[in-house]
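Here is a friendly walk through one model, written for someone who likes to know the cut-offs behind each term. Have the viewer open as you read.

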Amino acid sequence: MQRTYTIGDRSFVLDEAKAREALDGKRVVAGRETLAFNLLPLKYNWAYELYQKMKANHWEPEDVPMQRDVDQWRSADALSDLDRWIVKMGVGYFSAAEGIVGDNVLTVIRELVTASELKLVLGRHAHEENIHADSLLYMISSLGLDPHECEAMFADVPSIVAKNEFVTRLSHGLRRDLDLTVPENVALFAKNLFVFGQCMEGTQFYGLFGMILSLYRQGKLTGIGTMFRYTLRDESNHIELLRRLLLELVAENPEIWTNELKDELRDLMREAVELEHRFIDDVLPIDGVGLSRTEFAGYVDYIADRRLVSLGLEPLSPGATNPLPWLAELMDLGKEQNFFEGRVTEYQKASSLAAVADDEL
Ligand code: FE
Ligand code: MN
């Protein structure tokens, strides 16, 4: 029997029996393998909706004017030594970190999931990491920074090396041929999703984001600040994507969600927070740019707990409040604040398949 399946203003005629078989075979991991990359019928509608939302936020580094930043960077007194140090640490850390995230998304997560709509949105995630890496190249070339000096930071600053080691150790062993019918392996994959989504993108990125936005708030290097605001908006979708993936993985494999795993995830977040405190001490060796180191450390504690609670895990510092409320406001970038509104609207038009019918089949 044939049925018509509708997404927005498009409809598709599907053989109901085959569609049912495909739908029943979809799982986050160890599902039905197909080379056809047929998205329909959708099982994980949220993933397709998130993909549309990510497209609607599309931006390109060259859209952001950098001349004022260049003038400030060259001027003798527009920026303090600390301002410059924060920018160099930011560019140095993110140049490599964005690549590590993108690589894990492509070579670990996207390889191990089996549903096409999940692969679709993960492909977009990886592409956004490319945009972020490209935006850093644009900053480096605009300001005339030595890229090798930035690279050296990644290899030579111990607190950065430690952050790097922390995330990459959870990728080892997660190869394409890993048997994901084995619960221990599924739990290993769950830890990877947690570490990259909630610990790294969700918490460890926020130390530097906050410092760079603090400069932005003072009218310093606003082109760079604008790019970081767009990056942050993307990151919030990445955090949500990996959070939803983890929740689906647990729903389909409830046997992995043991107290032992929950404790391990909280221990991983505790480690991530400690590493971030050390890192903040290196980026902000003295109080400055309107920030105290204590407030900043408290901000990281607060963000980390929000990530834990969003997964139903117990917070590490119960009752922690946000010591930097202005930061939340600056981080909450609506589309109306977009510099290139016209272009974003155009992108959105092209992706106007908003409503997705989920229970048509
Ligand atoms: Fe990124
Ligand atoms: Mn990201």
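Glu129 and His132 are three residues apart in helix H5 (residues 116-143), so about one helical turn separates them. Helices here are DSSP runs of H or I with at least four residues, numbered from the N terminus. Glu129 is buried, and His132 is buried too; buried means under 20% relative accessible area, with a 1.4 Å probe and protein chains only.

A word on the source: this is a predicted model, in which local features need pLDDT of at least 70 and side-chain atom pairs count only at pLDDT 80 or more, while totals for chains, interfaces and linings use all residues. Residues are numbered from 1 along each chain as its sequence is written, chains are lettered from A and ligands numbered from 1 in the order in which they are written, and side-chain values use heavy atoms, leaving out hydrogens and water.

## The metal site

The iron ion (ligand 1) is coordinated by Glu98 (OE), Glu129 (OE), His132 (ND1) and Glu235 (OE), at 2.0 to 2.2 Å. Donors are N, O and S atoms within 2.8 Å of the metal (3.2 Å for Na, K and Ca), and since water is not among the atoms, sites may look incomplete. Along the sequence, the donor residues follow the spacing E-x30-E-x2-H-x102-E.

Glu129 also bridges the iron ion (ligand 1) to the manganese ion (ligand 2), and the two ions lie 3.1 Å apart.

## The core around Tyr93

In the largest nonpolar core there are 120 residues, and Tyr93, Phe189, Phe194 and Leu245 have the most contacts inside it. Such a core is a set of buried Ala, Val, Leu, Ile, Met, Phe, Trp, Tyr and Cys residues joined through side-chain atoms within 4.5 Å. Helix H8 (residues 183-217) gives the most to this core, with 19 residues.

## Aromatic pairs

The whole structure holds 13 aromatic pairs. Rings of Phe, Tyr and Trp (its six-membered ring) pair if their centres lie within 6.5 Å; planes under 30 degrees apart count as stacked, over 60 as edge-to-face and the rest as tilted. Trp59 and Tyr230 have ring centres 5.5 Å apart and planes at 40 degrees, so this pair is tilted. Trp59 is in the loop between helix H2 (45-56) and helix H3 (67-74), and Tyr230 is in helix H9 (residues 222-252), 171 residues apart. Trp59 is buried, at 1% relative accessible area, and Tyr230 is buried at 2%.

Notes. Helix = DSSP H or I, 4+ residues; strand = E, 2+ residues; numbered from the N terminus. Buried < 20%, exposed > 50% of the residue type's maximum accessible area, 1.4 Å probe, protein only.
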